Amino acid sequence: TKYGGHARDLVLGSREKEMRPLDCGKCSGVLVIGGDGTVCEVLNALMERDDSEAALKQLVIGTVPAGSECAFAKMTTFIDPYAAGW
């Protein structure tokens, strides 16, 4: 991401930044590369969508831990960030 809230803008779109929302109909999944904040931002944005229930049922959500702590990855059994990529 390039700025705070960028992941949210990528999922929901942004009129101010002329960004279209993620077209979940054309995606089978979302890969989040980042730390806990980025993962949280993407999941929260998906839940804010009008089609959140359908989007969350349809999309596979993957993470590649790349933050400083990666607590989410540790809690979901990925202790080694390199192992999470495999």
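This is a predicted model: local features need pLDDT of at least 70, side-chain atom pairs count only at pLDDT 80 or more; totals for chains, interfaces and linings use all residues.
The partner of Asp-23 is Lys-26, and the two form a salt bridge in which the closest N and O atoms are 4.0 Å apart. Lys-26 itself has 73% relative accessibility, so this residue counts as exposed.

That pair belongs to a set of 5 salt bridges turned up by a search of the whole structure. Another of them joins the side chains of Glu-48 and Arg-8, with N to O at 2.6 Å. Glu-48 belongs to helix α2 (residues 36-48) and Arg-8 to helix α1 (residues 6-12), so this bridge ties together parts that are 40 residues apart in sequence. Both ends count as partly exposed, Glu-48 with 43% relative accessibility and Arg-8 with 35%.

A further salt bridge links Asp-51 to Arg-49, and here the closest N and O atoms lie 2.7 Å apart. Its two ends fall into separate accessibility classes. Asp-51, with a relative accessible area of 32%, is partly exposed. Arg-49, on the other hand, comes in at 12% relative accessibility and counts as buried, since the cut-off for that class is under 20%.

With 16% relative accessibility, Thr-63 counts as buried. Leaving aside residues up to four places away in sequence, Thr-63 touches Leu-31, Val-32, Val-39 and Phe-72. Two of these contacts, Leu-31 and Val-32, turn up again in the lining of the largest pocket.

As for that pocket, the space inside amounts to about 170 Å³. Its lining is made up of Thr-1, Ala-7, Leu-10, Val-11, Leu-22, Val-30, Leu-31, Val-32, Ile-33, Thr-38 and Val-42. Elements that give two or more residues to this lining are α1, β1 (29-34) and α2. Strand β1 supplies the largest share, with 4 residues. Sorted by class, the lining holds 9 nonpolar and 2 polar residues, and no charged ones.

Definitions and conventions
Residues are numbered from 1 along each chain as its sequence is written. Side-chain values use heavy atoms; hydrogens and water are left out. Buried means under 20% relative accessible area, exposed over 50%, partly exposed in between (1.4 Å probe, protein chains only). Contact means heavy atoms within 4.5 Å. On a 1 Å grid over the protein atoms alone, a cavity is a set of points where a 1.4 Å probe fits but cannot get out, and a pocket is an open set with protein on both sides within 12 Å along at least five of seven lines; lining residues have an atom within 4 Å of a point. Grid points are joined across faces, edges and corners, and a volume is the space filled by probe spheres set on the points. Ala, Val, Leu, Ile, Met, Phe, Trp, Tyr, Cys and Pro count as nonpolar, Asp, Glu, Lys and Arg as charged, and the others, Gly among them, as polar.
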